[in-house]
Amino acid sequence: MRLTRYFMPVLRENPAEAQIVSHRLMLRAGMIKQNAAGIYSWLPLGFKVLRKLENIVHEEQIRAGHVPMLMPTMQSADLWRESGRYDAYGPEMLRIRDRQDRDMLFGPTNEEMITDIFRSHVSSYKDLPLTLYHIQWKFRDEMRPRFGVMRGREFFMKDGYNFDLTKEDALHAYNRHLVSYLRTYERMGLQAIPMRADSGPIGGDDTHEFLVLADTGESEVFYDSAVTDLTFGDRDIDYDSVAQCQGVMEEFTNLYARTDETHDQALFDAIPAERQRKARGIEVGQIFYFGTKYSDAMGAKVQGPDGKPTAVHMGSHGIGVSRLVGAIIEASHDDKGIIWPEGVTPFHCGIVNLKQGDAEADAACDALYTSLRALGLDPLYDDRKERAGGKFATMDLIGLPWRITVGPRGLKNGVVELTSRKSGESVEMPPEQAVEKIASIYATHHVTGNL
Ligand SMILES: Nc1ncnc2c1ncn2[C@@H]1O[C@H](COP(=O)(O)OP(=O)(O)O)[C@@H](O)[C@H]1O
Ligand SMILES: [Mg+2]
């Protein structure tokens, strides 16, 4: 993309309404525009990041054996009356009446709808196990939408639902989700710690929330500092192996890590004092096992091996895709702007032309741009007639991990400059070498869907 042909409405001033850094930077970098309280348009740069996160979620869900689909945003109230949640859900549910006077709602989640789909089409235990998921817009009429996309009213969420014959099988599905979530967040450059949590209106006993530690997080958390040493890395996991998934679950949940709702002071005090941590965190996902709560209420039964009808064991599992954009920025920025992890960056690198209009500099930038694109990479070329300082400030603000700076002086010696956004370090090298370097960096990150 050439910046002169793009739409990236960068703001010079700090927007007054933004209380936290991610909200401020997303507005300043021209990633989002608020349309109503807690409702945002995703401008081109923000949309690119959102799609990258969505693609990572899809890839990791499919890797775990889960099946993608898409359900509508609008739902019929009747389904929710069956489960008893139409009344229980309260004012967070946006209720709408259509022209036929039917009660509708903008879905805050999809347990009822997926259970209805399941009971219409699945009747035998032989069709299990089954996990279906979708990534779709949700609406919750939050009392206090705030912090930009972190607590919106309309937000983008992956929600998945497992259907299993037995509790044992459903707990394997729970563990499988836990493992796939660990991989997902790590690919986004994040550490998200599974913490024992409270099940809230979904119901059920087993639930973990995934939290990214950040001072601006809305949850209060208590943990053993040893949990922050755990990393999933690139280990190979057989998602069908009950033992392997359970092993990872135990490794990542045995140490003390809880949100304030389930915090147990006596257990916390038993941790060596130097490892006790009290902090704040951003909830970026949650997994639940809730047994037969919905299948009982809505008659989702299959014929078991003994020929008798039996209610299926279920769980639901969510990732806050739009919230993650903010969470990643909270975890990765400095006073100049965003610092995107390579796995989610909107463009792989920036090209800054120090002297737009200079025939040699323009030709060198065009050549770089073309060779990067030929390798499947997605550069952003700042081809504006602007001063170098302004161009650098924009690149720093929007946070691309790598910048190639091209100027007449360097070109005389046959070099351009490659700069790391994170370390600020610059190295001079011939343009071909800069292209190679960038290609090799991204070879270890699957390059998903350039838009
Ligand atoms: N208002 C919101 N704005 C943005 N993301 C949200 C919002 N509410 C929930 N999410 C995200 O969706 C994920 C799954 O939702 P869920 O666990 O049902 O939410 P909650 O715990 O807030 O009831 C959460 O972990 C969070 O990341
Ligand atoms: Mg939750």
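A: Axes are lines fitted to C-alpha atoms, for helices over the stretch in contact, and angles run from 0 to 180 degrees between N-to-C directions. Helices (H or I, at least four residues) and strands (E, at least two) are DSSP runs, numbered from the N terminus. This is a predicted model: local features need pLDDT of at least 70, side-chain atom pairs count only at pLDDT 80 or more, and totals for chains, interfaces and linings use all residues. Residues are numbered from 1 along each chain as its sequence is written, while chains are lettered from A and ligands numbered from 1 in the order in which they are written.

Two packed helices are described by the angle between their axes and the distance between the axes.

Start with helix α2 (residues 44–63) and helix α6 (residues 167–187). Their axes come within 9 Å and cross at roughly 150°. That makes α2 roughly antiparallel to α6 (angles under 35 degrees count as roughly parallel, over 145 as roughly antiparallel, 65 to 115 as roughly perpendicular and the rest as oblique). The crossing of α2 and α6 is right-handed (left-handed if the near helix is turned anticlockwise from the far one by less than a right angle, right-handed if clockwise). From α2, I56, V57, E60, Q61 and R63 meet S180, R183, T184 and R187 of α6. Contact requires C-beta atoms, placed from the backbone, within 7 Å. By class, the residues of this contact are two nonpolar, three polar and four charged. Ala, Val, Leu, Ile, Met, Phe, Trp, Tyr, Cys and Pro count as nonpolar, Asp, Glu, Lys and Arg as charged, and the others, Gly among them, as polar.

Now follow α6 to helix α7 (residues 242–253). The α6 and α7 axes come within 9 Å and cross at roughly 65°. This crossing is left-handed. On α6, the contact uses H172, N175, R176, L178, V179 and L182; on α7, V242, C245, Q246, V248, M249 and F252. Its residues divide into eight nonpolar, three polar and one charged.

Next, the ligand. Ligand 1 is surrounded by 16 residues, the closest being F155, Q286, G318, G320 and R323 (near means a C-beta atom, placed from the backbone, within 6 Å). β13 (276–291) is among the elements that supply at least two shell residues. With four residues, β13 gives the largest share. The shell has three nonpolar, eight polar and five charged residues.

Last, the domains. Domain 1 spans 21–337 and domain 2 spans 347–443, with bounds from an automatic or database domain assignment. Their centres, taken over C-alpha atoms, are 39 Å apart. Five residues of domain 1 contact four of domain 2.

Note on methods:
Two residues are in contact if their C-beta atoms, placed from the backbone, lie within 7 Å.
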